[in-house]
Amino acid sequence: MQDSHRVLFTSPAEFIDSDHPDVIAQAQRLTAGVAEPVAQARLLYAAVRDEIRYDPYRDYLDPGSYRASAVLAAGTGYCVGKAALYAALCRALGIPARIGLADVMNHLATPRLLEAVGTNIFAYHGYTEVFLGGRWLKVSPTFNAGLCAKLGVAPLFFDGRHDALLQSFDGQGREFMAYIADHGAFFDVPVKFLIIEMRRLYPKLCIPGGLRGASMEQEAKV
């Protein structure tokens, strides 16, 4: 990686706010005594995956839903917010990171979520790219272990050396997730664009304050 690119992808941004005191403190706490970047990246990934509960009913019109420090403070987030947080924690430790966006087909979404979205195509799913071992790895810290158990799929493991994208099948061999389009990677979350697109694509889901009610874990039935 060129030095200029390393500087860029370890620098704070508006939404990947790796210079926020809480983000820095969390990154240091989670990796205390660990200096090797691959090991650090694994620890940070596991924490974002499981300590930040996945919630697809966030307020998609609120920029805070996409900001790493706000997701950390809330303890919940949807895929883009969780990906931004993971990128911010990595950058806080000097690990180059950026956010990626892709369209996915979700075969096991809950009825309530499908009704709100209106389709099983979820546009602009957020994942993180981290630069380790001389290459960019694609990593998705979206679904926490508790939700995975409810959905009947094993939690997604990241070893720090290979891509860790959403599972294609659940524990019974049923289709779970399929990537159908990749929109590339970005230095920061393109929030203005995402708010416009989410409102256009999913008007029932995008209401001020977000949808309230049962959590995904309460809704999920294997």
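Which residues in α2 meet which residues in α3? Q26, A27, R29 and L30 of α2 meet L43, L44, A47 and E51 of α3, contact meaning heavy atoms within 4.5 Å.

The model is predicted: local features need pLDDT of at least 70, side-chain atom pairs count only at pLDDT 80 or more, and totals for chains, interfaces and linings use all residues. Residues are numbered from 1 along each chain as its sequence is written, and side-chain values use heavy atoms, with hydrogens and water left out.

**View 1. Crossing of α2 and α3.** The two axes, lines fitted to C-alpha atoms over the stretch in contact, come within 9 Å and cross at roughly 115°. α2 is therefore roughly perpendicular to α3 (65 to 115 degrees, on a scale from 0 to 180 degrees between N-to-C directions).

**View 2. Helix α3, residues 37-51.** The 15 residues of α3 reach 20 Å from first C-alpha to last, close to the 21 Å expected at 1.5 Å a residue (1.5 Å times one less than the number of residues). Buried residues (under 20% relative accessible area, 1.4 Å probe, protein chains only) in α3 include V38, A41, L44, Y45 and V48. The buried residues of α3 pack against α2, α5 (79-92), β4 (121-132) and β5 (135-139). At the start of α3, a side-chain oxygen of E36 lies within 3.0 Å of the backbone nitrogen of V38.

View 3. T128 counts as buried because its relative accessibility is 0%. The T128 side chain reaches the backbone oxygen of A83 at 3.0 Å. Leaving aside neighbours within four places in sequence, contacts of T128 include Y86, A87, R98, L137 and P141.

Conventions: Helix = DSSP H or I, 4+ residues; strand = E, 2+ residues; numbered from the N terminus. Buried < 20%, exposed > 50% of the residue type's maximum accessible area, 1.4 Å probe, protein only. Polar contact = N/O pair within 3.5 Å; in protein donor to acceptor, adjacent residues only side chain to side chain. Parallel < 35°, antiparallel > 145°, perpendicular 65-115°, else oblique. Left-handed = near helix turned anticlockwise from the far one by under 90°.
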